[in-house]
Amino acid sequence: MAETSVTHAHEMHEHDHSEEAQLWEGAKEPFKASYGKLMMWYFLLSDAFTFAGFLIAYGALRFSMPTWPEPDFVFGSLPFVQAHWPLIFVTFMTFVLIFSSVTMVRAVQEGHRENQKGVVFWMLLTILGGATFLGSQAYEWTTLIVKENMSLSQNPFGRHIADGVYLNENGSEAKKPDGSPLEFHKGESYLMHIHDGHPTGLVFHDASQRGEKMVQHEGTKIKYTTGAYAGQVREAEMGPKAFGALFFFITGFHGFHVFSGVLFLTIIMINAAGGVYAARRNGYEMVEKIGLYWHFVDLVWVFVFLVFYLL
Amino acid sequence: MAGHQTYEEQKALVFYGLKLLGAITIVEVLVALLAKGHLVHGIKFSEGFGHYLYMLLMIGFSLYKAYFIIFFFMHMAYEVRGLAMSVLLPTGLLVWAIIAFFQEGSSWGARRELIKEKNEEIIKPVPASQPQGYWLPGITEQNKG
């Protein structure tokens, strides 16, 4: 085998000096893509597997639990607004990422035309989009951690496992303002209100009423009327612990990707503005490569959005 | 790289993409709010066939968004076939990962339920008049099981 290749190389040598020299220089690109671009694709493939591992772990743990927090109940906060607006803020975040993906494509296109000003302008908009997304995520995390007391090992978002009625702290049945009993049904969500590390009350959405008004209830005692615990007075329980860790790890890992993306975009934008890539005369390939990464961050968000907020 | 398209065509594709992804996202959120009972009072698809249909729809929309981003924003549609296949085919392995781990997850849940059930099971004490096992007549210290 070694002999043949040696002969072959020798023949090549006789036939064409320049072509052989180029082969050793790596001039023939596999898949007609540059080394950097190809490796960016394979890096993104490996990163896709990492994210897939996280999201599949979320699915497996969710399937292993009798109840799981409802996304439209958990993610209902908006800045400056007291009311419950399910999924609206995270839709805004999704739009921010879509916009920044679109401005990124424009930057790559201007790069192919060697239009330096265009590249810098569209990259700047992309960076602003990324920063807006990170700011929104900071708001979302702050709300969950500070206001709603969710942490890596604590999840105050629970769901009822059967029908029943809320009790007052003295053990009597809680009443609505109109005098009827304050009931709950299987699958309905509640947020455990925690004060100084102890559960003190429940916040929930009264499904029998129209609109998105939340009911604040003092005390955590409930009485089931159906299911295995029918007739028993129990304390409302916290939701599955894994939810907190999964949420912070997965959206945190994605946010870290956005953060590093913003850093690299900034470096490349400064280089582009300084004429580094104009001198290379390769159609701003570096912008194209960071563009691939940036679209991937948007792509991952499509699935994070699906798994955490829609399903 | 989209070499065979004019600059105007490329720009048009970008704004088409913006409209398409935006529209799909709005539809997704509206369908989600409807299915979870926030849009029309009394209408909710939280279990049964309606819920499966809802989940399928959401997964379908997301996969279409992913396809559009990969093929047109990331230009996979204009790369050579080998590159596209070497990146896209390995993700097919995830199909089995999803099936296997979701199955595994359900099994953890079932086992946890079983253990809970067994822990809470009340065993009736055996009355002295009805001895069982070792205490039955004829079984001695030598031949007990």
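## Basis of the model

Two strands count as paired if DSSP finds at least two bridges between them. Helices (H or I, at least four residues) and strands (E, at least two) are DSSP runs, numbered from the N terminus. This is a predicted model, in which local features need pLDDT of at least 70, side-chain atom pairs count only at pLDDT 80 or more, and totals for chains, interfaces and linings use all residues. Residues are numbered from 1 along each chain as its sequence is written, while chains are lettered from A and ligands numbered from 1 in the order in which they are written.

## Sheet 1-4-5-6 of chain A

In chain A, four strands in the order 1-4-5-6 make an open sheet with antiparallel pairing. Its edges are strand 1 and strand 6 (214–218), each of which pairs on one side only. On average, neighbouring strands of this sheet are turned by 35 degrees against each other, direction ignored; the axes behind such angles are lines fitted to C-alpha atoms, for helices over the stretch in contact, and angles run from 0 to 180 degrees between N-to-C directions.

Strand 1 (residues 157–159) of chain A runs antiparallel to strand 4 (residues 189–195) of chain A, and three bridges join them. Gly158(A) lies opposite Tyr190(A) of strand 4. Strand 4 of chain A also pairs with strand 5 (residues 198–205) of chain A, in the antiparallel sense and over six bridges. Here Leu191(A) faces Val203(A) of strand 5 as its opposite residue. Strands 4 and 5 of chain A form a hairpin with two residues between them, and Asp196(A) in the turn has a positive phi of about 55 degrees.

## Sheet 3-2-7-8 of chain A

Another open sheet of four strands in chain A has the order 3-2-7-8 and antiparallel pairing. Strand 3 (183–184) and strand 8 (233–235) of chain A are the edge strands, each pairing on one side only. Within this sheet, three bridges link strand 2 (residues 164–166) and strand 7 (residues 221–224) of chain A in the antiparallel sense. Val165(A) is placed opposite Lys223(A) of strand 7.

## Architecture of chain B

Chain B has four helices and zero strands, in the order α-α-α-α from the N terminus on. An automatic or database domain assignment supplies the domain bounds, and chain B is divided into domain 1 (1–78) and domain 2 (80–119). The centres of these two domains, taken over C-alpha atoms, are 24 Å apart.

## Contact between chains A and B

Residues are in contact if their C-beta atoms, placed from the backbone, lie within 7 Å. The contact takes 42 residues from chain A and 45 residues from chain B. Helix 1 (7–35), helix 2, helix 3 (81–88) and helix 4 (93–120) of chain B each supply at least two residues of the side that touches chain A, and helix 1 of chain B gives the most, with 12 residues. That side of chain B has 26 nonpolar, 13 polar and six charged residues, where Ala, Val, Leu, Ile, Met, Phe, Trp, Tyr, Cys and Pro count as nonpolar, Asp, Glu, Lys and Arg as charged, and the others, Gly among them, as polar.

Helix 9 (residues 285–310) of chain A packs with helix 2 (residues 48–73) of chain B at an angle of about 175 degrees, with their axes 10 Å apart. The two helices are therefore roughly antiparallel to each other, a term used for angles over 145 degrees. Residues of helix 9 of chain A in this contact include Leu299(A), Val302(A) and Phe303(A), and those of helix 2 of chain B include Ile59(B), Ala66(B) and Phe73(B). The residues of this helix contact divide into 11 nonpolar, two polar and two charged.

How values were computed. Angles under 35 degrees count as roughly parallel, over 145 as roughly antiparallel, 65 to 115 as roughly perpendicular and the rest as oblique. Two residues are in contact if their C-beta atoms, placed from the backbone, lie within 7 Å.
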